[in-house]
Amino acid sequence: MAAPNIEFFTGSQGVQAERIKFVTKISSPVGIGTLDKLKAHIAAGAIHDSAERCDAPKCQPETRVAVQDDLYDWIVDGDGDGDSEQPKKIKWVTGPAGSGKTAIMGSLSERCKGGGVLTATFFFSSWSGSIGRRRKTAFVTTIAHQLARYHPDLREEISKAIDEDSDVFDKTLHTQMEVLVLHPLRKIARPVNYPGLQGAVVIDGLDECEAEQYHDTTATGSKSRSLPTRTKEQDQLEILQVLQMASADPSFPFHILIASRPERVFREFFDPDTNPTPFAGKLDLHEDYNAEADITLFFEVQLNRIRRRYKLPDSWASSEIIRALVEKASGQFIYAATVIRVLDTGHQESPEALLETILKMKSTQKTSSNPLEQLDTLYTHILESSPDPPLSVRWIRSIGTIRPSQRLGHCTASDMNMLLQTDPETSEAERLLGPLHSLIRIPPPSDQATTQYEFYHKSLLDFLEDPNRCGKLRIEDEEANRFLWDRFNRACATSADWWVSLAIAHQQAESLWEVFGEPHESCPWYRCKPACRIWSHVILRRLGSPTWIAPGVFWPQRHWADLAEAHPRFYRLVKKAIEDTQQKSTKTLNGI
């Protein structure tokens, strides 16, 4: 579209000018730049509809309706205590592992969003690859970021608060809540029944929040030291206290839902005999609701789907069989979901044979006090279907240890296989994990270079770490750590592939620069050492692989200059490998 003609001094006479300077000022929406700073400190994957949670559990349609209705009504109407001087703004939703807390919170969040009463969400996850979902650091900033999107006036005040206190991101959660949430809310000071400021803050899996450790940054060298070790219970309590402080502020109009297992720190915090704060009535999924009808419906829908897929007779999975499965589930949705995955993951056995095996399973435990008894029996049966159950358990424990590691970053399935397999050329990973598809989300071979292994539910690791539940499958922590350490040493001693793979996956200039530069540092000027030649060979081979991510996309130019000066021959080989890859790839490589 052509620019409009603009006339100046129309109708004027006798105007003379030697130089005219026009200054055009284009203003941007208030706070956009500042809110980018806030966005840099959030855990985006913790928000209910994030890409990271695309496979998160949701309630089967027409199930858990009563629970969701009760929670939604509380969000909208409260406990009918609107005239109370201390309205009850916090409600605790609890239940044992596998009772469906995360699915309910996820489905409820979607319902609240559709109804216009969703303010903010945060879904903790102890096995997430994102450290922000595992620790408290990004909790308040993520809530504040969502509040800034929620209301224009609030967005402006949050932006001003960050400008006035730019180091707020390095302060305590209490200070962050005061600066980023409560102070902006007071600034827009409207009655709590103002229709634009109502809704729910939904927090799930708070019991999975890990401990944040701190270090003395004032000490250097050998004098540097860690501060006293914190426990996860301390950090979980800190979050609870921050939310309690917010809810007690008259300017805070939102209802807070907290879902967690009934761990001690939560039982004590929400105990009215020890905490005088008025909380809304606790909702216990195991005690307050009979989940049998919902689990029955879930089995009916899913088994009918499997029956149609495999063209099984109508008599398969009769009402009697469904009743038997519901009884075995004992109110645990995770049992029902695992049974369906067993039948649905393409085992060599037919669904008929698999279902018959599940129905015949009997608990080996001498006591029936464990509410997860049938789930444990099912886990045991699935793990024992592996050709080498003890080794499969060691792999699972290692994946559970490495996957959330901050130091190793995004450790893909391919990286994990390279680390744990005794022979990289074998299919040991498929042999050990292939029969366990109902417990572990295993990416297809074409995606393993970019995708991680995922556990369907944390209860699998809980089961393997409890000797009273897993029985003969138990691997002591010391033994599991020794296995991982042995495989780590073997990988370091026999191949540079694993390190190169991790460095490329990190997509960080520093990581790749270390891989390219450090092996050559100890070489004399007249000849490279054998170790340097090995690393050079591996790096060059990886540069030509289909999964290669070109270092030039994110490598500073000075690193290329340093490499050219320090190692001219290797530099030329790297450049040639890049040029060859450019010809084969459709990727656009910048910065080379």
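Which residues does leucine 303 touch, not counting residues up to four places away in sequence? The legends below take up that question and a few others.

**View 1. The whole protein chain, as a predicted model.** Residues are numbered from 1 along each chain as its sequence is written, and side-chain values use heavy atoms, with hydrogens and water left out. In this predicted model, local features need pLDDT of at least 70 and side-chain atom pairs count only at pLDDT 80 or more, while totals for chains, interfaces and linings use all residues. The protein chain has 24 helices and seven strands; these are DSSP runs numbered from the N terminus, with helices being H or I of at least four residues and strands E of at least two. Of its 592 residues, 48% count as buried (under 20% relative accessible area; exposed is over 50% and partly exposed in between, with a 1.4 Å probe and protein chains only). Take the contacts (heavy atoms within 4.5 Å) between residues at least 6 apart in sequence: 75% of them join residues at least 24 apart.

**View 2. Leucine 303 and its surroundings in the largest nonpolar core.** Here is the reply to the opening question: leucine 303 touches Trp316, Ala317, Ile322, Leu325, Ile340 and Leu343, leaving out residues up to four places away in sequence. The largest nonpolar core has 62 residues, and Leu303 is listed with Phe299, Leu343, Ile358, Ile396 and Tyr453 as having the most contacts inside it. A nonpolar core here is a set of buried Ala, Val, Leu, Ile, Met, Phe, Trp, Tyr and Cys residues joined through side-chain atoms within 4.5 Å. Helix H11 (residues 333–344) gives this core its largest share, eight residues. A second, separate core of 49 residues includes Ala161, Val168, Phe169 and Val201.

**View 3. Helix H9 packed with helix H10.** H9 (residues 292–309) and H10 (residues 319–329) pack at an angle of about 130°, their axes 10 Å apart. Axes are lines fitted to C-alpha atoms, for helices over the stretch in contact, and angles run from 0 to 180 degrees between N-to-C directions. H9 is therefore oblique to H10: angles under 35 degrees count as roughly parallel, over 145 as roughly antiparallel, 65 to 115 as roughly perpendicular and the rest as oblique. From H9, Glu292, Ile295, Thr296, Phe299, Glu300 and Leu303 meet Ile322, Leu325, Val326 and Ala329 of H10.

**View 4. Helix H14 packed with helix H15.** About 125° is the packing angle of H14 (residues 389–402) and H15 (residues 413–420), with axes 11 Å apart. These two helices are therefore oblique to each other. Trp395, Ser398, Ile399 and Ile402 of H14 make the contact with Met416, Asn417, Leu419 and Leu420 of H15.

**View 5. Isoleucine 396 in helix H14.** With 0% relative accessibility, isoleucine 396 counts as buried. Beyond residues up to four places away in sequence, isoleucine 396 touches Leu383, Leu436, Ile440, Phe455, Leu460, Leu461 and Leu464. The C-alpha atoms of isoleucine 396 and leucine 461 are separated by 8.1 Å, although the two residues are 65 residues apart along the chain.

**View 6. Lysine 91 in strand S1 (residues 90–94).** Is lysine 91 buried or exposed? Lysine 91 is buried, with a relative accessible area of 10%. Neighbours within four places in sequence aside, lysine 91 is in contact with Leu71, Trp74, Ile256, Leu257, Ile258, Ala280, Gly281 and Leu283.
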